Amino acid sequence: MTCPAPPIRVYRQTSPGVFNEEAAAAGLSGVFVNSPDSHLGGLSAGDVNNDGYLDLFIAVWGTERWLFLNNGDGTFTDASVASGLRAAVYQGWAPTIFDFDGDGWREILQGIDNNPNQLWLNRRGGHFAEIASQAGVDTSFHEMGVSVSDVDNDSDFDVYMTNIGLGGPFSTEHNVLFRNDSPPATAIFTDIAVSSGVGFTGWGWGTSFLDADRDGFVDLAATNGFGSGVPDDPSVFFSNDGLSPLSFTDVSVAVGFDDTDWGSGLYALDYDSDGDQDLLQILNVAGISRLYENQQTGAALNHHYLVVKPRMTGPNTHAIGAIVRVSAGGLEMARFLSAGTSVLGQEPAEAFFGLGTATTADVTVEFPDGWRPPCSVWRSIRCSASLRPWRC
């Protein structure tokens, strides 16, 4: 909290293994107010104006927020004021860009420290309106990390945010799990964190949804901690019970994810490509990282999995904003490809699905901005993947 916020840096690849720093040329230099009371809160990328190019939302804790529209030529235009996003700035943490009301235009959800969270409805034409209260996501705790997934397999997307409630039923603050209860063309959420068993993890930072045992129900991990004067609070791993109403069981000790270090970032990825999701944890001590390898045991050894990596021609090559839906073994599952999650980080642009004992799956990919692959690509995928429905 005593160091001025660092500048944004853009490293553009000019040839294999060679990068040039070009933030100034891109129009992204000078983003931060150089104040000892401000620091980077988070960054997320997404196409907010449906022109096919990824725009940038940058949160600064203690000063401002910035929206930069991608000009399509390697440069960006500051639209922070014109879009309405500069209004009512608080200590902002991790943002996420997603189409929460399903109208084809992406909203911006941001966790806010000390004040109500903010959900910015995309009004199109470059304008946003703040609707967190109407949507039910305006809890006023100390939200920090964020993860988005379809946690209850009902084909819409739910949101988990960590907090600094130090635990127990007498804490006035807790993590929030916003269940998506939205009717068509509306964003409505209900906080079920406490009732589902994931309300308290300590001084929360990074978090991630992942299907660790590949049973088709996403589990939840969170890392915690702070400096002196705060009790040691271990990292936490919640196993999804696969029940209705939604419930989780704390299995942190059993799975070996219960360190008491000061963790900050937390990200799920299959780093060794062995068909299960591992965890990368960033510790707030000298920049140390810790990699947890997922080692399947018991029934999970016989569970199958599917990884879908949508890709596009044009500027959004990794299909950021795409939604992948899978039907398998009687379950309906959904994932979306984001750029910016947890705390100051990013997970691979792919959708991981545990299939349980199912051996077939129906797959649907909803590409952003209405983009569709050429028919020849669809046909080749259908032949090589033996999955359905790949329709042209």
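Predicted model: local features only at pLDDT ≥ 70, side-chain atom pairs only at ≥ 80, totals over all residues.
In soluble globular proteins, nonpolar side chains tend to be buried together. In this model, the largest nonpolar core has 35 residues. The residues with the most contacts inside this core are L28, L306, V308, V324, V326, F353 and L355. Several elements of the chain contribute: α1 (23-26), β4 (55-61), β5 (65-70), β22 (304-308), β23 (323-328), β24 (331-336), β25 (351-356) and β26 (362-366) each supply at least two residues of the core. V308 gives a view from the inside. Setting aside neighbours within four places in sequence, V308 is in contact with V324, E350, A351, F353, V363 and V365. Apart from this core lies another one, of 23 residues, and among its members are A94, F100, M161 and V176.

β24, β23 and β26 form an open sheet of 3 strands, in the order β24-β23-β26 and with antiparallel pairing. β24 and β26 are the edge strands, each pairing on one side only. From one strand to the next, the twist averages 15°. Within this sheet, β23 and β26 run antiparallel and are joined by 5 bridges.

Attention now turns to β5, a strand that is mostly covered, with 5 of its 6 residues buried. β5 runs antiparallel to β4, and 4 bridges join the two. Across this pairing, L56 stands opposite F68 in β5. The two strands form a hairpin with 3 residues between them, and in its turn G62 has a positive phi of about 100°. β5 also runs antiparallel to β6, here through 3 bridges, and L69 has T77 in β6 as its bridge partner. The hairpin of β5 and β6 has 5 residues between the strands, and G72 takes a positive phi near 85°.

S80 sits in the loop between β6 (76-78) and β7 (91-98). Is S80 buried or exposed? Its relative accessibility is 1%, and because buried means under 20%, S80 counts as buried. The side chain of S80 reaches the backbone nitrogen of L67 at 2.9 Å. Not counting residues up to four places away in sequence, S80 touches R65, W66, L67, L85 and R86.

β11 runs antiparallel to strand β12 (residues 158-161), with 4 bridges joining them. S147 has Y160 in β12 as its bridge partner.

The last stop is another open sheet. It has 4 strands in the order β15-β16-β17-β18, with antiparallel pairing. β15 (204-210) and β18 (248-250) stand at the edges with a single partner strand each, so one side of each has no neighbour in the sheet. The twist in this sheet averages 20° from one strand to the next. β15 and strand β16 (residues 219-224) pair in the antiparallel sense over 5 bridges, and the bridge partner of L210 in β16 is D219.

How values were computed:
Residues numbered from 1 in each chain as written. Heavy atoms only, no water. Core = buried A, V, L, I, M, F, W, Y, C linked by side-chain atoms within 4.5 Å. Buried < 20%, exposed > 50% of the residue type's maximum accessible area, 1.4 Å probe, protein only. Contact = heavy atoms within 4.5 Å. Polar contact = N/O pair within 3.5 Å; in protein donor to acceptor, adjacent residues only side chain to side chain. Pairing = 2+ DSSP bridges. Axes fitted to C-alpha atoms, helices over the stretch in contact; angles between N-to-C directions.
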